[in-house]
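The sequence and the model come first.

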Amino acid sequence: MKTVSENVSFGGTQGVYTHASDATGCDMTFGLYLPPEARSGPVPLLWFLSGLTCTHENAMTKAGAQAVAAEAGVAVVFPDTSPRGEGVADADDFAMGQGAGFYVDATEGDWAKHFRMWSYIADDLPTLLAENFPLDMERQSITGHSMGGHGALTLAMGLKGRFRSVSAFAPMANTTDSDWGAPQLTAYLGDDKAAHRRHDASLLIGDAGFDGPMLIDQGTNDQFLDKLKPEALAQAIATHRQPATFRMQPGYDHSYFFVSSFIDDHMALHAAALWA
């Protein structure tokens with residue numbers, strides 16, 4: 001692991017690091033915010049997964065999580081959204097390839113060599129974090145935006161007992177029935193519908209559910225509502241009686257102005273669960 005940068009932020013440290021990933025077979029970059037309490041011992045960890053076209057940097061610089069994390073004594077990790085670099089498969093469509101890992105382990109064609117973002121988030125990066133930073137890996141929660149909201153929800157329901165709470169900002173909510181999901185899952189995973197199902201948050205509500213606090217915020221003026229399909233997730237929550245708070249926020253779009261407007265609520269939810 002190499003340190004790219006470390007900056008003091010709200011009394012803690014915002015770092016950026018690179019490392020060689022066994023899961024993706026290439027170098028990966030991530031951001032990690034450590035609150036002041038980390039100088040005294042291990043602190044809980046919140047994952048923030050980002051969306052299409054993003055790197056580790058978008059949420060790290062735009063979400064506004066550090067101030068609340070410092071006050072709550074919670075670390076926040078900002079992974080990249082896909083493998084990158086020379087020799088890594090890519091596509092002209094921004095919804096495929098580099099910047100669009102969809103948090104799955106690809107099995108098809110050139111994608112299979114590097115696009116293993118599920119394993120990266122579930123196994124590879126947690127191991128590295130535990131070995132190098134003062135983190136209490138028994139206390140983890142997860143959140144994300146858009147494609148990252150999809151990743152947060154599916155990982156939380158797919159990795160039973162790993163995360164104490166989950167939240168999402170404008171998540172891709174019904175990937176098996178959306179232009180942002182169905183083509184990508186087919187390209188990455190082939191025609192195995194069971195494999196697709198494991199990466200659809202609305203279907204997982206019924207299949208697995210989540211035992212812990214869940215919060216979803218969605219803007220009513222989101223320009224991608226037809227692709228995100230929040231109504232499918234809301235219906236699944238109601239049908240399967242999944243304990244959750246689902247909020248439609250009037251006038252908000254898909255941007256980080258939306259995310260930063262409600263980040264305090266999400267951080268409070270996770271801090272309460274992590275310190276319980």
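## Basis

A contact here means heavy atoms within 4.5 Å. The model is predicted: local features need pLDDT of at least 70, side-chain atom pairs count only at pLDDT 80 or more, and totals for chains, interfaces and linings use all residues. Residues are numbered from 1 along each chain as its sequence is written, and side-chain values use heavy atoms, with hydrogens and water left out.

## Ala100

Ala100 sits in the loop between strand 5 (75-79) and helix 3 (111-114). Helices (H or I, at least four residues) and strands (E, at least two) are DSSP runs, numbered from the N terminus.

Not counting residues up to four places away in sequence, Ala100 touches Leu52, Thr81, Ser82, Phe94, Ala95, Phe115, Met147 and Tyr188. Its relative accessible area is 0%, and Ala100 is buried (under 20%; exposed is over 50%, partly exposed in between; 1.4 Å probe, protein chains only).

## Cysteines

The structure has zero disulfides, a disulfide being a pair of cysteine sulfur atoms within 2.5 Å. For Cys26, the closest cysteine sulfur is that of Cys54, at 18 Å, which is too far for a bond.

Cys26 is buried at 13% relative accessible area. Cys54 is also buried, with 7% relative accessibility.
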